[in-house]
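Here is a short tour of a few residues and their surroundings. Have the viewer open and follow along.

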Amino acid sequence: MKKIAKRVITAVLAMAMVIGMMAMTAFAADDTYSVIGTINGNWDTDTELVKQADGTYSVDIKDVKAGSYEFKVRVNKAWDTSYNADGVAVGENSNVKVDVAKDGSTVTVTFDGEKVAYAVKDASAATPAAPADKTPAAGDSSVMVYIVAAVAALSAVVAVVAKRRSVEA
């Protein structure tokens, strides 16, 4: 009986480790998207886009001064893949251009996975920000499945050990 219990515990622990590694891989596999350009102040500063419940990414760049700006969205803060309003940004003059009329305006940048869009809200039209949506973004449920499975596997180990101790007593 002891050999069977040891084998079960070993198998469950191995399964829990594999599931945990799968969860970490799934969590780390998501690309990040960021805005870079003069809209941020310079071409050396990225502003992260946040994944929304509908699968798009967006960010509000606040307190923008009046003027003309350029930007693009890039993947994983790398220059090898970037996007503009037409899709993949290639070559010179491939930046999104935006004009801001009033100091203190907010520029909302949205990325749908293929194209970039933006909206400018003048400072005079600003309204208080709504509370952040706490809904998990699409695709995040796979990580939760792995975590739940790992917890279930560890619970099974505890149950087997407790059962073994009660039989020995």
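Strands (E, at least two residues) are DSSP runs, numbered from the N terminus.

## About the model

This is a predicted model, in which local features need pLDDT of at least 70, side-chain atom pairs count only at pLDDT 80 or more, and totals for chains, interfaces and linings use all residues. Residues are numbered from 1 along each chain as its sequence is written, and side-chain values use heavy atoms, with hydrogens and water left out.

Let's begin with D63, which belongs to strand β4 (residues 57-64). Its phi is near 55°, a positive value in a residue other than glycine. For context, most residues other than glycine have a negative phi. D63 is exposed, at a relative accessible area of 60% (exposed means over 50%, buried under 20%, and partly exposed in between, with a 1.4 Å probe and protein chains only).

K77 is not a glycine either, and has a positive phi of about 55°. This residue sits in the loop between β5 and β6 (82-84), and is partly exposed, with a relative accessible area of 44%.

Is R74 buried or exposed? R74 is buried, since its relative accessible area is 6%. Strand β5 (residues 67-75) holds this residue. A polar atom of the R74 side chain lies 3.4 Å from the backbone oxygen of K77.

Leaving aside residues up to four places away in sequence, R74 touches T32, Y33, S34, I36, D46, W79, T81 and S82; touching here means heavy atoms within 4.5 Å.

Terms used:
Helix = DSSP H or I, 4+ residues; strand = E, 2+ residues; numbered from the N terminus. Polar contact = N/O pair within 3.5 Å; in protein donor to acceptor, adjacent residues only side chain to side chain.
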